[in-house]
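Hello,

Here is the structure we talked about. Please open it alongside this note, and then read on for what turned up.

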Amino acid sequence: MKPYLTYYKKNKIIPVIKVNNKNTKILDKQRSNLFDQLKIDKRLFYNSEVLEVGPGTGYNANYLINCGVKKITLVDGNKSSIESVKKTLKKKKSTQYKILQNDFLDLRLKKKFDFVICENVISGVKNPEKFFRKLSSLVSDNGYLLINCSDNISLFSEKIRGVIAYLLIDVNKLNNSSFKIKTKFLSKVFASHLKSLGRNTRAIDDWVQDVLLYEYWWRKKSYFSLYSAINTVKDKFNFYSSSPFCFTSYSWYKNTKFSLNDHTLNEFLKIQQNFFDIRSKNIYFSKKENKNFNNLVNKACKCIYSLKYENLNNLLSILYKFKKFVSKYEKNNLTVNSLNQVIVILSDYKKRKKIDIRKVEKLKSWWGYATQYIVFKKK
Ligand SMILES: C[S@@+](CC[C@H](N)C(=O)[O-])C[C@H]1O[C@@H](n2cnc3c(N)ncnc32)[C@H](O)[C@@H]1O
């Protein structure tokens, strides 16, 4: 099975933000906010060669063509994505873009690019490091490499929603129903969750298909963290920027051996737990606390990986420990209450094979900072 490609192809979907006349302005504004945050002046794109892997519906390509790129090469292995990109770019000059329908891992590209961009892809593939190394090999000297990263901490709330969706399908005897019916059912249950994130996000059915019904994805034991990304390319690339940008130190002034890559790795460990719940901010951990936090999350994720209807005990017992751990440092109890709510939902299923939708509703505001962006510059 090829992650994303097999699932998307089977269901003929590209479950990401669709481009239409109504939302292009908003999407362009989001793009410009992102590049501002990442300190990439849009004028840098002018006359540049760009490679984007996994363009989805092509909204980023549309923006970059408007910035005046010389050419953007778009690689996607999913036919529905290719069709969607073609539709999005239909009014653009054909000399400004090239579309390749290929699995990126099978593709041989001879040239190098000023920008290599890959959003919301790496964390989901089987071997993220290999995928990322291949992307990095295609960056020209002085070029930029832009990806986003996720880990078990930042995705935990969504993984738990995956578990609840899986149990809900069972409780409501929808196991043998069509993909369409499952999508409809879960979209109704989780609509308020997505709404709590505000407007300008993707449609609920796209989110349900991309997260809740994509079991391979929510069960996955590990993703690709910012930490792993820096470690993978630190010999050839320098950390350039990130979003969120939360690294504070003036040690470069006194410490002449200062390395931005190593510094960023250390800073990441101090703040990583803040990605667990968007309602908590500015919690700083020691390395030991970070390790304990990661251990508990990873243990819970191991249980999620092999979870079965008849065996929720292991996950439940780790959630109890985890709740205790969080209650020691959290002041407002919001994360603790959400973890408690998950325990209640799983226990109801275990004891009575029932899930009260109102209890699921109570989790609607618990989200992690699912992905973090990072830009590297070739040394
Ligand atoms: C989750 S979507 C992200 C789309 C877009 N970048 C975005 O952020 O909205 C993942 C995209 O990567 C493509 N993809 C996944 N694995 C791929 C591979 N091995 N080779 C080429 N494309 C791939 C999928 O077809 C899909 O378009």
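**What was found**

V50 has F115 as its bridge partner in β4. Before going further, a word on the source. This is a predicted model: local features need pLDDT of at least 70, side-chain atom pairs count only at pLDDT 80 or more, and totals for chains, interfaces and linings use all residues. Residues are numbered from 1 along each chain as its sequence is written.

**The strands around β4**

Strand β1 covers residues 49-53 and runs parallel to β4, with 3 bridges joining the two. Strands count as paired if DSSP finds at least two bridges between them. Helices (H or I, at least four residues) and strands (E, at least two) are DSSP runs, numbered from the N terminus. E52 of the chain stands opposite I117 in β4.

β4 also pairs with strand β5 (residues 139-149), again in the parallel sense, over 5 bridges. There, F115 stands opposite Y144 in β5. The chain gets from β4 to β5 through helix α5 (residues 128-136), and this β-α-β crossover is right-handed. Right-handed here has a set meaning: with the strands pointing away from the viewer, the path from the first strand over the helix to the second runs clockwise.

How enclosed is β4 (residues 113-118)? It is largely enclosed by the rest of the structure, because 6 of its 6 residues are buried. A residue is buried if 20 or more other C-beta atoms lie within 10 Å of its own, exposed if 12 or fewer, and partly exposed in between; C-beta atoms are placed from the backbone.

β1 is mostly covered, with 4 of its 5 residues buried. The chain crosses from β1 through α3 to β2, and this β-α-β crossover is right-handed. β1 and β2 run parallel and are joined by 5 bridges. One of the pairs is E49 with K71, its bridge partner in β2.

**The ligand shell**

The ligand has 22 residues around it, and the closest are G54, G56, N78, F104 and N120. The elements that give two or more residues to this shell are α1 (5-11) and β2 (71-76). A residue is near a molecule or strand if its C-beta atom, placed from the backbone, lies within 6 Å of it. By type, the shell has 13 nonpolar, 6 polar and 3 charged residues. Ala, Val, Leu, Ile, Met, Phe, Trp, Tyr, Cys and Pro count as nonpolar, Asp, Glu, Lys and Arg as charged, and the others, Gly among them, as polar.

Start with G58, in the loop between β1 and α3 (59-66). G58 is buried, because 27 other C-beta atoms lie within 10 Å. Leaving aside neighbours within four places in sequence, G58 is in contact with V19, S84, V85, T88 and L89. Contact means that the C-beta atoms of two residues, placed from the backbone, lie within 7 Å. K188 is 130 residues from G58 along the chain, and their C-alpha atoms are separated by 28 Å.

Next is K79, in helix α4 (residues 79-88). Is K79 buried or partly exposed? K79 is partly exposed, because it has 14 other C-beta atoms within 10 Å. Not counting residues up to four places away in sequence, K79 touches K9 and Q101. K79 and I147 are 68 residues apart in sequence, and 23 Å apart in space, C-alpha to C-alpha.

L363 is buried, with 22 other C-beta atoms within 10 Å. Its contacts, leaving aside neighbours within four places in sequence, are with S338 and Q341. L363 and A61 are 302 residues apart in sequence and 35 Å apart in space, C-alpha to C-alpha.

**The whole protein**

The protein has 16 helices and 7 strands. Of its 379 residues, 39% count as buried. The C-alpha atoms fill a box of roughly 60 × 55 × 35 Å, taken along the principal axes. The radius of gyration is 21 Å, which agrees with the value near 21 Å for a compact globule of 379 residues. That radius is taken over C-alpha atoms, and the globule rule is 2.2 Å times the number of residues to the power 0.38. Among contacts with a separation of 6 or more, 70% are between residues 24 or more positions apart.

Best wishes
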